[in-house]
Amino acid sequence: MIAGQTSLGVRWTLVELESPVSRLTNPGNRRATATLRHAVDQIEDWRRWLSANLHYARSARDADGLGLPGTGSLA
């Protein structure tokens, strides 16, 4: 997760790192490879987790939370 400050507040971007030499699409049919599908699935999993655990994500660390500001908007 990468946070950036905008005029609307903190904006979070979810990033899934994969090999820079992996293909995104199959050369024959131009459909998504298993690597790309896995990366997208990981981001969707994180979005679901954050939606289900938003209070925990926003709560201060000294209150046993993650202390992530502005976690209401996920890119």
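# A tour from Asp-45

Start by selecting Asp-45. With a relative accessibility of 38%, Asp-45 counts as partly exposed; that label covers everything between buried (under 20% relative accessible area) and exposed (over 50%), using a 1.4 Å probe and protein chains only.

A word on what is on screen. This is a predicted model, where local features need pLDDT of at least 70, side-chain atom pairs count only at pLDDT 80 or more, and totals for chains, interfaces and linings use all residues. Residues are numbered from 1 along each chain as its sequence is written, and side-chain values use heavy atoms, leaving out hydrogens and water.

**Stop 1: the salt bridge**

Stay on Asp-45. It sits in helix α1. Helices (H or I, at least four residues) and strands (E, at least two) are DSSP runs, numbered from the N terminus. Asp-45 and Arg-48 form a salt bridge, and their closest N and O atoms are 2.5 Å apart. The term needs a side-chain nitrogen of Lys or Arg within 4 Å of a carboxyl oxygen of Asp or Glu. Both residues belong to helix α1, three residues apart, about one turn of the helix. How many salt bridges does a search of the whole structure find? It finds one.

Asp-45 and Leu-66 are 21 residues apart in sequence, and their C-alpha atoms are 18 Å apart in space.

**Stop 2: the aromatic rings**

Select Trp-46, Trp-49 and Tyr-56. These three form one aromatic cluster. A search of the whole structure finds two aromatic pairs. In the pair Trp-46 and Trp-49, the ring centres are 5.9 Å apart and the planes stand at 75°, so the pair is edge-to-face. Rings of Phe, Tyr and Trp (its six-membered ring) pair if their centres lie within 6.5 Å; planes under 30 degrees apart count as stacked, over 60 as edge-to-face and the rest as tilted.

Both tryptophans, Trp-46 and Trp-49, lie in helix α1 (residues 34-52), three residues apart, about one turn of the helix. Move on to Trp-49 and Tyr-56. Their ring centres are 6.0 Å apart with planes at 80°, so this pair is edge-to-face. Trp-49 is partly exposed at 32%. Tyr-56 is partly exposed at 38%.

**Stop 3**

Select His-55 in helix α2. Is His-55 buried or exposed? At 67% relative accessibility, His-55 counts as exposed.

Then step to Ser-59, in the segment after α2 (54-58). Ser-59 counts as buried, at 15% relative accessibility. Leaving aside residues up to four places away in sequence, Ser-59 touches Gly-65, Leu-66 and Gly-67. Contact here means heavy atoms within 4.5 Å.

**Stop 4: a surface patch**

Select Ile-2, Val-15 and Leu-17. They form a nonpolar patch on the surface, with about 320 Å² of accessible area together. Ile-2 is placed in strand β1 (residues 2-6).

**Last stop: confidence**

Colour the chain by pLDDT, the predictor's confidence in each residue, from 0 to 100. The protein chain averages 86, and 93% of the residues score at least 70. Which element has the lowest mean pLDDT? Strand β2 (residues 9-13) does, at 84, while α1 has the highest, at 91. Where pLDDT is low, the predicted coordinates should not be read in detail.

Terms used: Patches are made of residues with over 30% relative accessible area and no salt bridge: like charges are joined within 9 Å, nonpolar side chains (Val, Leu, Ile, Met, Phe, Trp, Tyr) within 5 Å. Accessible areas come from the Shrake-Rupley method with a 1.4 Å probe; for residues, only the protein chains shown count as cover.
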